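Subject: Structure handover and notes

Dear colleague,

I am passing on a structure for you to look through, and my notes follow below it. Please keep it open beside this email while you read.

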Amino acid sequence: ILDLGGHVNEEEKELEGTQQALFNSQNQRRQEEPQMAKKQQQRQQQQQRTNGQLRVSFPPSIPDQDPESEERRQAVKGAMKFAWDMYEKYAWGKDELKPISKSGTTWFNLGVTIVDSIDTLFIMGLEDEYHKARDWI
């Protein structure tokens, strides 16, 4: 890190920091590998117990939740719930909600919004809304 004149070489110092970060990352990955292998084994065992049939939990599980991520998830879920409730109230079964006139429009008469939204409802854990959409389809 010191050159012949006794000065700190910034490039070498930066390189050393990068190497240390890489080492820490690799070390962390090595420590997580047994846990990941155990989770993979549990998934395989679960798949064998269900004989390959699709089994889902409602809502789907979410990996490690930190408070900030959870707050963001809830904000997005709240926005989706609000939009869905307005669609359901003013345009149920129509292809699209026109929010200003609070009416629905029909392009294909297929309930396009319902079809497009059903997976999002499921993923977000909006169970009642999901079941209503599924029943409509």
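Among contacts in the protein between residues at least 6 apart in sequence, what percentage join residues at least 24 apart? The share comes to 41%. Please bear in mind, as you read on, that this is a predicted model.

To begin with the overall layout, the secondary structure consists of four helices and two strands, and from the N terminus on these elements follow one another in the order α-α-β-β-α-α. The protein has 137 residues, of which 15% count as buried.

What does the side chain of Asp-95 reach instead? It reaches the backbone nitrogen of Phe-108 at 2.6 Å, and it also reaches the backbone nitrogen of Gly-111 at 2.8 Å. When neighbours within four places in sequence are left aside, the residues in contact with Asp-95 include Thr-105, Trp-107, Asn-109 and Thr-113, besides Phe-108 and Gly-111 themselves.

Next come the aromatic rings, for which a search of the whole structure finds five pairs. In one of them, Trp-84 and Tyr-87 have ring centres 5.5 Å apart and planes at 45 degrees, so that this pair is described as tilted. These two residues are three residues apart in helix 2, and are therefore separated by about one helical turn. Both are buried, Trp-84 with a relative accessible area of 2% and Tyr-87 with one of 3%. Trp-84 also pairs with Trp-92, and here the ring centres are 5.8 Å apart while the planes stand at 85 degrees, so the pair is edge-to-face. Trp-92, for its part, is partly exposed, with a relative accessible area of 26%. Taken together, Trp-84, Tyr-87 and Trp-92 are linked by ring pairs into a cluster, and Lys-132 lies over the face of Trp-92, at 4.9 Å from the ring centre.

Lys-102, in the loop between strand 1 and strand 2 (103–105), has a positive phi of about 50 degrees although it is not a glycine, and its relative accessible area of 48% makes it partly exposed. Asn-109, which was mentioned above as a contact of Asp-95, sits in the loop between strand 2 and helix 3. Its phi is near 60 degrees, again a positive value in a residue other than glycine, and at 59% relative accessibility Asn-109 counts as exposed.

Finally, which helix holds Thr-120? Thr-120 is found in helix 3, made up of residues 112–123, and at 28% relative accessibility it counts as partly exposed. Its C-alpha atom is separated by 9.6 Å from that of Lys-77, a residue 43 residues apart from Thr-120 along the chain.

Methods: Residues are numbered from 1 along each chain as its sequence is written. This is a predicted model: local features need pLDDT of at least 70, side-chain atom pairs count only at pLDDT 80 or more; totals for chains, interfaces and linings use all residues. Side-chain values use heavy atoms; hydrogens and water are left out. A polar contact is a pair of N or O atoms within 3.5 Å; within protein, one must be able to donate a hydrogen and the other to accept it, and residues adjacent in sequence count only if both atoms are side-chain atoms. Contact means heavy atoms within 4.5 Å. Rings of Phe, Tyr and Trp (its six-membered ring) pair if their centres lie within 6.5 Å; planes under 30 degrees apart count as stacked, over 60 as edge-to-face and the rest as tilted. Buried means under 20% relative accessible area, exposed over 50%, partly exposed in between (1.4 Å probe, protein chains only). A charge sits over a ring if NZ of Lys or CZ of Arg is within 6 Å of the ring centre and within 35 degrees of the ring normal.
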